[in-house]
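Welcome, and please open your viewer. We will take a short walk, one selection at a time.

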Amino acid sequence: MAIVALTGCGGGAARAPVTEPAEPEVIDQAPKALVADAHLVPGETLRFELSLRGIVGGEATLATGEPGTLDGREVVITRSRTETVGLVKAIKNVSDDVITHIDFANGAPVFHHADVTFGEKQAVIESHFDGAKVAVNYHRKGRAQRLYRMTVPAGQTLSDAHSVVAALRGWTPVLGERAYFFVASGRRLWRNNVIAATREEVTTSLGRFRALRIEGVGRRLRRNLAVDPRKRPRKFTIWITDDAERRPLRVVGRTEYGDVKAELIEHHIPEKRLVSR
C-alpha cells in the first residue's frame with residue numbers, strides 16, 4: 001500500500017518516458033502458487049519512511065490487532081495508514097487508510113475496507129473475499145457506487161496487500177524458488193510472480209541485518225485473466241530479515257517516475273510475542 005500511494009504523488013505531472021529493462025526470464029516461470037504460513041503478530045506495529053528518487057515524501061504504519069471473530073471465524077485485524085508529508089503533500093495529498101480482517105486459520109483475507117484520497121479524488125472501497133472470489137463495492141465521492149466481481153482459477157486464493165505481506169513474511173523458500181499470487185487492489189486484479197533471489201546484508205536506521213531478497217513483477221489482468229497490455233508491469237524488490245521476526249526491512253518499486261522506496265524505521269512487538277497461523 002505504501003508503494004502504491006507514493007507512486008501516485010507524480011500523478012499530476014506529465015508521464016515520463018518509460019524504458020523497460022529486460023525482465024529476468026526466471027521471474028516469469030513461477031510454477032506454483034505462493035504457499036506460506038501467514039506471519040501475524042498480535043500487537044505488532046511497523047512504521048515506514050517513504051521516498052521517491054531519494055526524497056522523503058511520505059510515511060506509513062502497519063499494525064496488527066488481537067484475534068477476534070467475524071461470522072463465526074477467528075480473524076486478526078490488520079490496519080495500515082499511508083500519507084504524503086511535507087513538500088510532496090503540498091503538491092499532491094495522498095492518503096490510504098486500510099483495514100483487513102484476515103482468517104487466522106489460513107491467512108486469507110475475509111473483509112477489506114479502504115478510505116483513499118488522491119488529490120481531489122476520494123473513494124471508499126469495501127471488498128468481501130471468498131477464496132478465489134471477491135466482490136468489491138467501489139464508491140468514488142460524487143459518483144454512484146459500483147460493484148465489481150473478480151475470480152481467479154478454482155483452488156487459488158485472492159489476496160489483498162495486508163494478507164500478501166503476512167504471506168511473504170511467512171515464506172521460507174530455498175534460493176531460486178519461484179511462486180505467484182493474485183492480489184485484488186481496489187477495482188483491479190494483479191498477478192505477481194516472485195523469486196527468492198539471494199540472502200545478503202542490509203543496513204538500515206535500525207541496524208544491520210541478514211535478509212532474504214525477493215524480486216518480483218506484477219501484471220494487471222483483465223476479467224478473463226489475460227494480461228492487460230495497457231498497463232506496464234510493475235517490478236519490485238523486498239528485503240525480509242532472515243530471522244524469527246521476519247521484518248520487512250525495505251520495499252523498492254520501480255516506476256516511470258523513478259524508484260519508490262519504503263524503509264522500516266520503527267518496529268514494536270509487545271512482550272516479543274510471535275504468532276503464525
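Start by selecting E44, in the loop between α1 (2-7) and β1 (45-52); helices (H or I, at least four residues) and strands (E, at least two) are DSSP runs, numbered from the N terminus. This is a predicted model, in which local features need pLDDT of at least 70, side-chain atom pairs count only at pLDDT 80 or more, and totals for chains, interfaces and linings use all residues. Residues are numbered from 1 along each chain as its sequence is written, and side-chain values use heavy atoms, leaving out hydrogens and water.

Is E44 buried or exposed? E44 counts as buried because its relative accessibility is 1% (buried means under 20% relative accessible area, exposed over 50%, partly exposed in between, with a 1.4 Å probe and protein chains only).

Next, select L168, W171 and I214, which have the most contacts inside the largest nonpolar core, a group of 30 residues. Such a core is a set of buried Ala, Val, Leu, Ile, Met, Phe, Trp, Tyr and Cys residues joined through side-chain atoms within 4.5 Å. A second, separate core has 18 residues, among them V134 and Y148.

Finally, zoom out to the whole chain, with three helices and 15 strands; 47% of its 277 residues count as buried.
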